[in-house]
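Me: I am new to this structure and would like to learn how its features are read. Could you take me through them one at a time?

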Amino acid sequence: MNVLRQLRNRPEPAADAAPGTDHLAFLLQRAGRGSQESFAELYDHLSPMVFGIVRRVVRDPSMSEEVTQEVFVELWRIAGRHDAARGSVTSWAATIAHRRAIDRVRSEQSARDRNDRDEAKRVIEPDEPATLVESSLDAARVRRALGRLTAAQREAIELAYFGGHTYREVAVLLGVAEGTIKTRIRDGMIRLRDELGGSR
């Protein structure tokens, strides 16, 4: 975590405050007056608890570290606002951590929802109609070329290439010798190649 690097520009406190009964409150009070040492000690005390709260909400470890850093930056910035009469430093930090974690989750969800909406609204790109037309034309050309084959050639090719069957399976399906099927498919493919090559 790099949060302590952000503390260097804060002035050192002019005088110490008495610890009182709550050591964390004392540290927070001094941190609010600019003591980096007090804030570093406060960080050591609170960071496991803060990270644990954030991690349970955010889930992602890397993002949890980021949010934990944001929590401590906020604690440093608003340290002087803590009111001991309204709760302990620990509960105050826990509340800030939970709020920050929820905010991050909502922000991430909003970004995902926005991306999903944008994707749903996406229209066909200008170059896609040309691709679709070309595919359609190619399919029409293949159908025409298949129509020029013999019925036996067309049937064998359709079962092998469009049906995904092996030569042996096609032979079994059609009740023909495997060698005959191979010949039909080979001759049919040669005819298809000639037809498709010459119809552009």
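Predicted model: local features only at pLDDT ≥ 70, side-chain atom pairs only at ≥ 80, totals over all residues.

Me: What share of the residues in the protein is buried?

Reply: A residue is buried under 20% relative accessible area, exposed over 50% and partly exposed in between, with a 1.4 Å probe and protein chains only. Of the 200 residues in the protein, 30% are buried. In helix α1, 7 of the 10 residues are buried, so this helix is largely enclosed by the rest of the structure; the buried ones are Leu 24, Ala 25, Phe 26, Leu 27, Leu 28, Arg 30 and Ala 31.

Me: At what angle do α1 and α2 pack?

Reply: Axes are lines fitted to C-alpha atoms, for helices over the stretch in contact, and angles run from 0 to 180 degrees between N-to-C directions. Helix α1 (residues 23-32) packs against helix α2 (residues 36-58) at an angle of about 140°, and their axes are 8 Å apart. That makes α1 oblique to α2, given that angles under 35 degrees count as roughly parallel, over 145 as roughly antiparallel, 65 to 115 as roughly perpendicular and the rest as oblique.

Me: Which hand does the crossing of α1 and α2 have, left or right?

Reply: A crossing is left-handed if the near helix is turned anticlockwise from the far one by less than a right angle, and right-handed if clockwise. For α1 and α2 the crossing is left-handed. Contact means heavy atoms within 4.5 Å, and the residues that make it include Leu 24, Leu 27 and Leu 28 of α1 and Phe 39, Leu 42 and Leu 46 of α2.

Me: How do α2 and α3 pack?

Reply: α2 and helix α3 (residues 61-77) pack at an angle of about 140°, with axes 9 Å apart. That makes α2 oblique to α3, and the crossing of α2 and α3 is right-handed. Among the residues that meet are Phe 39, Tyr 43 and Phe 51 in α2 and Val 71, Phe 72 and Trp 76 in α3. By class, this contact has 14 nonpolar, 4 polar and 2 charged residues, where Ala, Val, Leu, Ile, Met, Phe, Trp, Tyr, Cys and Pro count as nonpolar, Asp, Glu, Lys and Arg as charged, and the others, Gly among them, as polar.

Me: Which residue other than glycine has a positive phi?

Reply: Most residues other than glycine have a negative phi. Arg 59, however, has a positive phi near 80°; Arg 59 lies in the loop between α2 and α3 and, at 60% relative accessibility, counts as exposed. Just after α1, Gly 34 also takes a positive phi, of about 110°.

Notes
Residues numbered from 1 in each chain as written. Heavy atoms only, no water. Helix = DSSP H or I, 4+ residues; strand = E, 2+ residues; numbered from the N terminus.
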